[in-house]
Amino acid sequence: MKNKSSISVYSEIENLKEVIVHRPGNELLFVSPTNMQKFLFSAIIELSEAQKEHDNFVKKLKENGVKVVYVKDLFNQTIKNVNQKTLDSFFNEFIKESKISNQKYQKILFNFLKKTKKENIFEKIVTGISTKELKINKENDILLTDPMPNMYFTRDSFTCIGNSLTINNMKYYVRQRETLIYDFIFSNHPDYKNCTKYIDRNISYPIEGGDIFIINKDILMIGISERTSKDAILKIAKKIKDQNHSFKKIICVNVPKMSNLMHLDTWLTMVDYDKFIYSPNILKELKFFEINLENKIIKSKWINSSLKDMLEKMIGKKVTLIPVAGNYSKLSVDIETHFDATNFLTIKPGVVIGYDRNKKTINELKKNGIKVIAFSGNQLSLGMGSARCMSMPIYRKK
């Protein structure tokens, strides 16, 4: 059995040893032209190709010494270790958050879940459950519970910070039940149920993992974005201070309100001890705030700084800023930013993994001494996220 210290993430770049992912499944089959916006997609994904791409992503992680853990496996391990009362409570919360107002349907769905084989429950709740499957209406087959097509972006719903974690409050309804799954896992899995949580999914303000960077053991950097509020960051700051963890400061930065820049990691990522990749689209709009966790009262202070100066202040050395698409046109910057050219996952200092479609950015990374492990993500990228979005590090070797 693992213990609390098995969660250890004090860096964005140190050797990645264990990561949690979700292989895209049948939930993607329910994304259509009429609901793409609701499900936060830019296009319809071809599932079999997306699965091949994700399998190749996982294969490359394993080839580089990373242990890959699937959410489904964690869920199934958890469900075997809980009593019926706990499981019933999970079912009831899932039904409630699926917004089923008809009490008859609620009861039918509860009984359906209770009779479902435990190894099939995860797929049912993630894919969506239809009226035909529940034998409610054999002629009009519609989904009674929505699918969770964003589930393969494991970065956002929970975050490992140091030896602790956050169960995040997702801004949009379509993603909120994802955190119900992670809350169930991290509250009941025998390896993780004793982990400290800085916040849980019931926090009053939205926050998502794509906005959270662990720069080093002293400093966190968190984006104030369309999906993460400053109030949520202040809540986390207070929890970290109260629990006397190593972190001393949180640097907040506003994320420009653009459709393809929903999180901090869609325009900035740390790729080496002193190197960051960024999208030039954002430099004129940045504002920084500092939260000093060593002060008696938790509050934020505005700081007038450039991105480069702020990053150098955080890491204590000169930094190299590597622009998306290098010195090519603004059109190239816009296109490669749209396809998450900053969203590489750093698996060790100076080694990153991400989509091969961002060729100009890859060339720029290589020119700056970064090794790039590229894989095809032409379908996966249509969900608006790359390797960092599709992974949640749970252990990085110091």
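Trainee: How much space lies in the second largest pocket, and what makes a space a pocket?
Mentor: About 220 Å³ of space lies there. The search uses a 1 Å grid over the protein atoms alone, and a pocket is an open set of points with protein on both sides within 12 Å along at least five of seven lines. Its volume is the space filled by probe spheres set on the points, where grid points are joined across faces, edges and corners. Keep in mind that this is a predicted model: local features need pLDDT of at least 70, side-chain atom pairs count only at pLDDT 80 or more, and totals for chains, interfaces and linings use all residues. Residues are numbered from 1 along each chain as its sequence is written, and side-chain values use heavy atoms, leaving out hydrogens and water.

Trainee: Which residues of the lining lie nearest the centre of the second largest pocket?
Mentor: They are His 22, Arg 23, Gly 25, Lys 72 and Phe 122, out of 14 lining residues. A lining residue has an atom within 4 Å of a point. Two elements give two or more residues to this lining: helix 2 (71-79) and helix 5 (118-127). Helix 5 has the largest share, with 4 residues. Helices (H or I, at least four residues) and strands (E, at least two) are DSSP runs, numbered from the N terminus.

Trainee: Why does Val 68 count as buried?
Mentor: Its relative accessibility is 13%. Buried means under 20% relative accessible area, exposed over 50%, and partly exposed in between (1.4 Å probe, protein chains only), so Val 68 counts as buried. Val 68 lies in strand 2 (residues 67-70). Leaving aside residues up to four places away in sequence, it touches Val 19, Val 21, Val 58, Leu 61 and Lys 62, where contact means heavy atoms within 4.5 Å.

Trainee: Are Leu 40 and Lys 135 buried or exposed?
Mentor: Leu 40 has a relative accessible area of 18%, so it is buried. Lys 135, at 68%, is exposed. Leu 40 sits in the loop between strand 1 (16-21) and helix 1 (47-63), while Lys 135 sits in the loop between helix 5 and strand 3.

Trainee: What makes strand 11 (residues 288-292) largely enclosed by the rest of the structure?
Mentor: Strand 11 is largely enclosed because 5 of its 5 residues are buried. Phe 288, Glu 290 and Asn 292 point one way, and Phe 289 and Ile 291 the other. In a regular strand the side chains alternate between the two faces of the sheet.

Trainee: How do you know that strand 11 pairs with strand 12 (residues 300-303)?
Mentor: Two strands pair if DSSP finds at least two bridges between them. Strand 11 and strand 12 have 4, in the antiparallel sense, so they pair by that rule. Phe 288 stands opposite Ile 303 in strand 12.

Trainee: What makes a crossover right-handed?
Mentor: Point the strands away from you: the crossover is right-handed if the path from the first strand over the helix to the second runs clockwise. Strand 15, helix 10 (residues 359-367) and strand 16 make a β-α-β unit of this right-handed kind.

Key
1 Å grid on protein atoms, 1.4 Å probe; cavity = no way out; pocket = protein on both sides within 12 Å on 5 of 7 lines; lining within 4 Å.
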